[in-house]
Amino acid sequence: MSVHPTSNQFKGNVHQALGNAKLQQAMGFVRTGFIDKRKAAADRLPEFEALRDNAREIKDHVLAHLDLYLERYEKKATEAGGQVHYARDAAEARNLILDICRRVEAKTVTKGKSMIAEEIGLNAHLEAAGIEPIETDLGEYIIQLRGEIPSHIIAPAVHVTQDQVESDFRRVHTHLDPARDLSEPSSLLAEARGVLRERFLKADVGITGANFLIAETGTSIIVTNEGNGDLTQILPRVHIVLASIEKIVPTLEDVSQILRVLARSATGQEMSVYTTFSTGPRRKGDPDGPEEYHVVLLDNGRSAMLGGEFEEMLRCIRCGACMNHCPVYHAVGGHAYGWVYPGPMGAVLTPSLIGVDKAGHLPNASTFCGRCESVCPMRIPLPKMMRSWREREFERNLAPATVRSGLGLWAFFARRPRLYGLATNLAMKALTWAGRKKGRFTWLPLAGGWTQYRDFAAPQGETFQAKWKRERGSK
Amino acid sequence: MTARADILANIRRSLGVAASERMRVQAVEDRIERSPRGVIPARGQVDPVARRDLFKAQAEGVQATVEVVANAKDVPEAVARYLRERNLPATARIGADPVLVAMPWEDTAIEVAHGKSEGRDLNAVSRAVAGVAETGTLVLHSGGDNPTTLNFLPDNHIVVLKAGEIVGDYESVWSKLRMTFGKGELPRTVNFITGPSRSADIEQKLQLGAHGPRNLHIVIVEK
């Protein structure tokens, strides 16, 4: 991977994020919005839960037969005139794409939104070779101007406020009138539309991701609201699709099932504005469309996830519902996660792709409230998998010494119920006495991490176990 | 070993399977051959009139505008009126769709151009091959009749749809396209279009007219 991960500095990232007023202002828009809209869309469709079940079954079936579906997809895509390339890792994918761009002497490349392109660090690689990549999704365009990576998988610039966008546009679009009015989101959008329209028409190659690949027809699918992905793929001479191997779906009927849960879970739309099915290059008699159509299929660690305890993560359709509903994501934003994929799905996927040694902190960034799993359209058991990563982190001695000794101490008492009862009783009495005046603590030994941000409530009376015994005993 | 062979071998190793297992091959062939329909929302499974009304309501719900005319010959006048009411120039780019071309455009002041768009057209008229009632979605596909560039480059996209081509669900679209192109085959591009282009990338505030058309107007032809 070439986006340098800072996931191992998660704690430091979090402190910065919590202290960043602009970020906290921007994240306020995430906490509202997404959640209500998703719920309203789900409630409007009585079949929504049944569709989630079916979507899960379709993807499980695909994963169990992934080798065969890939072969089938490749055969159909090739028959349609497409060229299918396989890439074991990020470096292979980057080079395959660069080779195509070089062969057609590309100067500029337009890009639709693609998380896989972020995963392999494509832009930096093209730039280093003298080819200019132009992000065309509004959010991606904004963060490209800012030199950032996405902080959300479907709303990449969700951490940026409107006034920040305005100052970025003024800084970069110096050919436009400095006195122009950019006070409304609509004028910002109109400016981006105008600037990017020229780039679309002149681009030599268009690169998009794929939400799905269909084995039945050899088709790639993109789902967008802006229409940028379509302009990216129909105007240039060459269209390159970059997709990971698990994007396969058997048939057009199967993808229709999953499409019904995708937009509803993501933005609360019943359907995104543009769902585009592309099969091969321009046909005989077509007045428009690309002359070459390439698909780069990326593995990058996914084949190793099959058959293991994180296989279910490969059902993910990148809707973003898990992060939209995550209290930890709401508090710290996406960049704190330190790599391409944030939120609960990132906390599970990142250690699989870059290693638990580099991303072991991420699965700890969860309160296990379970909201992510409850809204995941593919019913991925995210909390269970975060728990599995925590166990692995512990087994591999990657957890910090304080955590390990704390857990060791707790385990010592937990295995000795009488001693545990005695100790907690004593502690309870001591804390009740010590906190009798204020009813709370602003500082406690060994609990500075807690009391630095909030008070610790003083216990009232007795332990849960004692209370349980008393109430049960009285019956 | 090529990347392809390596990746396929890795998948098989992880799954603990061999490529040649007949049961697995059969399961894949069966699924693609049978193309089972899954859960179909009941909302679209209604009679043709209710289906048309649902399509209209759903399309309007995503900020498309919809007009119903009685006959194909009424379409040019409806388009002319739409452009006039919005103070848009009386121009339209149309592909080579025989149904559209046969309409009496010469009875209006509209200056008609043909072929793909180079990015300088304000208005375009296309014909959809289907409308999907469940979400107010239009279905168009590539080809000389309706160039794909017309769907995305102009500011105002006007789409003509026959009422009889409105179906209840996406699955019915696939059945229909298979009648034209054959099972397992699709044209280069199939576009599902649900409302005009939009973005909420700035502070989650919805703005219409991102990179695609700012306005989507649907003319439903009754007969």
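**Close-up views of the chain A and chain B model**

**View 1. The contact between the two chains.** The contact draws 63 residues from chain B and 78 residues from chain A; two residues are in contact if their C-beta atoms, placed from the backbone, lie within 7 Å. On chain B, the elements giving two or more residues to the side that touches chain A include helix H1 (3–15), helix H2 (22–34) and strand E9 (189–193). H1(B) gives the most, with 10 residues. This side of chain B divides into 24 nonpolar, 25 polar and 14 charged residues. Ala, Val, Leu, Ile, Met, Phe, Trp, Tyr, Cys and Pro count as nonpolar, Asp, Glu, Lys and Arg as charged, and the others, Gly among them, as polar.

The model is predicted: local features need pLDDT of at least 70, side-chain atom pairs count only at pLDDT 80 or more, and totals for chains, interfaces and linings use all residues. Residues are numbered from 1 along each chain as its sequence is written, and chains are lettered from A in the order in which they are written.

View 2. Strand E9 (residues 274–278) of chain A runs antiparallel to E9(B), joined by five bridges. Strands (E, at least two residues) and helices (H or I, at least four) are DSSP runs, numbered from the N terminus. Two strands pair if DSSP finds at least two bridges between them. Phe277(A) stands opposite Val190(B).

**View 3. Helix packing in chain A.** Helix H9 (residues 138–146) and helix H10 (residues 162–172) of chain A pack at about 65 degrees, with axes 10 Å apart. Axes are lines fitted to C-alpha atoms, for helices over the stretch in contact, and angles run from 0 to 180 degrees between N-to-C directions. Ile142(A), Leu145(A) and Arg146(A) of H9(A) meet Val165(A), Asp168(A) and Val172(A) of H10(A). Four of these contact residues are nonpolar and two are charged.
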